[in-house]
Amino acid sequence: MASTTMAKINEDQVRKAVKALLKWKKLQSKKTHEPQNLNSLSDEEENEEDEVVDDNFIYLQLTLKKIPPKELTTPHKITLPNPFLHPLESFANICLIIDDRPRKPHNSKTKLDVETVQKKLKSEGISITKVLKFTKLKSEYKSFDSKLDLYGSYELFLADKRVMNLLPGLLGKQFYKKKRKVPVPVDLRGNSSWKEEIERACSSTLLCLGSGTCSVLKIGRGGMENGEVMENVLAAIDGIIEFVPKKLNGVRAFHLKFSDSLALPVYEDLPDQSAKQ
């Protein structure tokens, strides 16, 4: 991590937030009711938040001081040291969207089809739950209910980078509004190994700066070790500030949370702190 960031990020505070959050999640999994109280684990207040959807992912919530310029709203991939989904394990619930559009006559490469992709994935030992053709997505997932059903069926979406710019209009706002299931781009061109490409995608998170000051990034999931989550938090912060205007000085706060938990601060640039700089 850059020294300027290390000087301002209190790693002990990050460690305490990670420990409290994972402890809370473990307690929640043992209960049948839904208490939302983290006060026994932390004295921090809940950060104001929109409606949330329950899942098992850990999110790093970014709050900027100013709305970012429009040109910075393109998703940025940030590599994390510890993957929160493993494409080589059978329980990984992943949907891969492939580009099966007809190729131009002068392009000698044949289009991808589900059978060919599944054979290649199997030969490389990669476990993908669903291979979804772009043309099928376009023709069969037009209704809100069908898009919502697709959204809820998989933990992670990967997509051929050649169709990434076309997906927002097809998948709809459910995928992009809260930035929780924006597809991660993968390069499926050529005959090279897809294993490393998909493993990198499963070890990455997307920074999607929107039209407001708040964004969320997946950085882990329940069941990971405290140290793994902490490493991912620090790596994500380090990656984020490379894209944020004015680097860390453009950040108001970072919070850590599950979708159904309170948000615990890991960094806050309070007014009195700014005055001292």
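Student: In which sense do strand 1 and strand 8 pair, and over how many bridges?

Tutor: Strands of a sheet pair through backbone hydrogen bonds, either parallel or antiparallel. Here strand 1 (residues 57-64) and strand 8 pair in the antiparallel sense over 7 bridges; two strands count as paired if DSSP finds at least two bridges between them. Leu-60, for example, has Leu-217 of strand 8 as its bridge partner. Helices (H or I, at least four residues) and strands (E, at least two) are DSSP runs, numbered from the N terminus. This is a predicted model, in which local features need pLDDT of at least 70 and side-chain atom pairs count only at pLDDT 80 or more, while totals for chains, interfaces and linings use all residues. Residues are numbered from 1 along each chain as its sequence is written, and side-chain values use heavy atoms, with hydrogens and water left out.

Student: What is the strand order of the open sheet of 4 strands?

Tutor: The order is 8-1-9-10, with antiparallel pairing. Strand 8 (214-221) and strand 10 (264-268) are at the edges with a single partner strand each, so one side of each lacks a neighbour in the sheet. From one strand to the next, the twist averages 20 degrees.

Student: Which strands does helix 2 touch?

Tutor: Helix 2 (residues 11-29) packs on the sheet against strand 1, strand 9 (251-258) and strand 10, and its direction makes about 165 degrees with that of strand 10. Contact means heavy atoms within 4.5 Å. Axes are lines fitted to C-alpha atoms, for helices over the stretch in contact, and angles run from 0 to 180 degrees between N-to-C directions. Helix 9 (residues 226-240) lies across strand 1, strand 8 and strand 9, at about 30 degrees to strand 1.

Student: Which residues touch the most other members of the largest nonpolar core?

Tutor: A nonpolar core is a set of buried Ala, Val, Leu, Ile, Met, Phe, Trp, Tyr and Cys residues joined through side-chain atoms within 4.5 Å. Of its 80 residues, Leu-60, Leu-158, Leu-167, Ile-219 and Phe-254 touch the most other members. Beyond its neighbours within four places in sequence, Ile-219 has contacts including Leu-60, Phe-84, Val-233 and Leu-256.

Student: Is Lys-246 buried or exposed?

Tutor: Buried means under 20% relative accessible area, exposed over 50%, partly exposed in between (1.4 Å probe, protein chains only). Lys-246 counts as exposed at 64% relative accessibility. Most residues other than glycine have a negative phi. Lys-246, although not a glycine, has a positive phi of about 70 degrees, and it is found in the loop between helix 9 and strand 9.
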